[in-house]
There are 2 protein chains.
Amino acid sequence: MKQGSEEQLNSAFAALADPVRRALIARLSRGPATVNELAEPFPITKQAVSKHIQVLEQSGLITRTREGQRRPCHLDPAALEALTSWIDIHRLTVERQFRRLDTVLDTLKEKES
Amino acid sequence: MKQGSEEQLNSAFAALADPVRRALIARLSRGPATVNELAEPFPITKQAVSKHIQVLEQSGLITRTREGQRRPCHLDPAALEALTSWIDIHRLTVERQFRRLDTVLDTLKEKES
DNA sequence: TCTGTTATCAACCAATTGGTTGATCAACTG
DNA sequence: CAGTTGATCAACCAATTGGTTGATAACAGA
C-alpha cells in the first residue's frame, strides 16, 4: 500500500487496466479467496496470478490475511470508492460545463427571436 | 474508440493510470482545449503530450473537433460514467457481502448468549 | 520426520510504454 | 507564393510489464 494519493491513483487505475485483474476483483467481490482458488479459472500459471495479486495488493485494492499456510485475499471497498470519487469529480465538472453552455445558447436564441 | 467493452475498460483505465493524462482530464473538465494549450503547463515536449492525447482519444475518454488548423479536445462524461459504473457494481457487491457477514456474526452472538 | 499443499522468489524473455529529436503535413496569413 | 503556426509522423531508447520455468520456503497432517 503506497502513501501519496497521486501514486495511489496511478497504481490502482493501472491495476484495473488488466482484464485478468478485473476478473480477480469481480471474483473477490463475492467473497474472499486464496491464490489457488483465484488461479483455477485462468489458462496462465499460478505464479502469474500471484504476481497479479501482488499488483492488486500493492495498489491497496485488496488486503490479505493469514490462515495457516493459506493467505486469503479480501477486496477493499474503500479503495474502490476513492477511484469513483476521483472520476466523479471531473465527470460532474464537465457535465456542469455542458449545462452552462446550453444556458448560454438558449440565451442567444432568445435574443435572436 | 475501440469496440469491445472489455478493451474499452482496458484502455480507459490504463489511460487514467498516468498522472499527466489525469491532469489533462482535470483541465478538460473545465472546458475544451487544444494540444498547445494543454501542453503548456508540462515540462515535456508537445509531441509527448500529443501522444498522451492520442491515448485518451483511443480510449474514448475524449473526442476531437476541427476548427481550422486547431483540433480542440473535449472530455466525454459518458465514458467516465462507464468506468464508475464498473467499479461501483463490484464495490456494492462486496459491501453487501460485508453486511451479510455482519448479520451472520450477530446471529452467532445471539445464540451464544 | 516425511509428504503434500500453498505460495513466493529468481532469472529470463518479448512486448509495451513514455519520453526524446528531427522531419513533415496542413492550414491560415502576409 | 512564402512564411508561420498547430499538430502529427518516424525512428529510436530506457524502463516497465506480463508471462514463462525452476527452485525454495512455510505450514499441515500422517
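B:Arg91 is buried, at a relative accessible area of 14% (buried means under 20% relative accessible area, exposed over 50%, partly exposed in between, with a 1.4 Å probe and protein chains only). B:Asp88 forms a salt bridge with B:Arg91, with the closest N and O atoms 3.1 Å apart (a salt bridge is a side-chain nitrogen of Lys or Arg within 4 Å of a carboxyl oxygen of Asp or Glu). Both residues lie in helix α5 of chain B, 3 residues apart, about one turn of the helix (helices are DSSP runs of H or I with at least four residues, strands are runs of E with at least two, and both are numbered from the N terminus).

This is a predicted model, in which local features need pLDDT of at least 70 and side-chain atom pairs count only at pLDDT 80 or more, while totals for chains, interfaces and linings use all residues. Residues are numbered from 1 along each chain as its sequence is written, chains are lettered from A and ligands numbered from 1 in the order in which they are written, and side-chain values use heavy atoms, with hydrogens and water left out.

**Interface of chain B and chain A**

- Chain B puts 32 residues into the contact, and chain A puts in 32 residues (contact means heavy atoms within 4.5 Å).
- About 2,700 Å² is buried between chain B and chain A, and carbon and sulfur atoms give 73% of this area (buried area is the accessible area, with a 1.4 Å probe, that two parts lose on being put together, summed over both).
- There are 2 salt bridges between chain B and chain A.
- A:Arg22 forms a salt bridge with B:Glu6, and the closest N and O atoms are 3.5 Å apart.
- On the side of chain B that touches chain A, the elements giving two or more residues are α1 (5-16), α2 (19-29) and α5 (77-112) of chain B.
- α5(B) gives the most to that side, with 15 residues.
- The residues of that side of chain B divide into 17 nonpolar, 7 polar and 8 charged (Ala, Val, Leu, Ile, Met, Phe, Trp, Tyr, Cys and Pro count as nonpolar, Asp, Glu, Lys and Arg as charged, and the others, Gly among them, as polar).

- α1(B) has 12 residues and reaches 16 Å from its first C-alpha to its last, close to the 16 Å expected at 1.5 Å a residue (the expected span is 1.5 Å times one less than the number of residues).
- Buried residues of α1(B) include B:Leu9, B:Phe13 and B:Leu16.
- α2(A), residues 19-29, is mostly covered, with 8 of its 11 residues buried.
- Among them are A:Arg21, A:Arg22, A:Leu24 and A:Ile25.
- A:Asp18 caps the N-terminal end of α2(A), where a side-chain oxygen lies 2.7 Å from the backbone nitrogen of A:Val20.
- Just after α2(A), A:Gly31 takes a positive phi of about 135°.

**B:Ser29**

- B:Ser29 sits in helix α2 of chain B.
- B:Ser29 is buried, at a relative accessible area of 1%.
- The side chain of B:Ser29 reaches the backbone oxygen of B:Ala26 at 2.6 Å.
- Neighbours within four places in sequence aside, B:Ser29 is in contact with A:His90, A:Thr93, A:Val94, A:Gln97 and B:Leu75.

**Arg70 in each chain**

- B:Arg70 is found in the loop between β1 (62-64) and β2 (73-75) of chain B.
- B:Arg70 is partly exposed, with a relative accessible area of 37%.
- The C-alpha atoms of B:Arg70 and B:Ala33 are separated by 9.5 Å, with the two residues 37 residues apart along the chain.
- Neighbours within four places in sequence aside, B:Arg70 is in contact with B:Thr34, B:Glu37 and B:Thr65.
- In chain A, the side chains of A:Arg70 and A:Glu37 meet in a salt bridge at 3.9 Å, N to O.
- A:Arg70 lies in the loop between β1 (62-64) and β2 (73-75) of chain A and A:Glu37 in helix α3 (35-39), so the pair ties together parts 33 residues apart in sequence.

**Other salt bridges**

- Over all chains, the count comes to 10 salt bridges.
- A:Arg91 and A:Glu95 meet in a salt bridge at 3.4 Å, N to O.
- These two residues are separated by about one helical turn, because they are 4 residues apart in helix α5 of chain A.
- A:Arg91 counts as buried at 14% relative accessibility, whereas A:Glu95 is partly exposed at 23%.

Terms used:
Polar contact = N/O pair within 3.5 Å; in protein donor to acceptor, adjacent residues only side chain to side chain.
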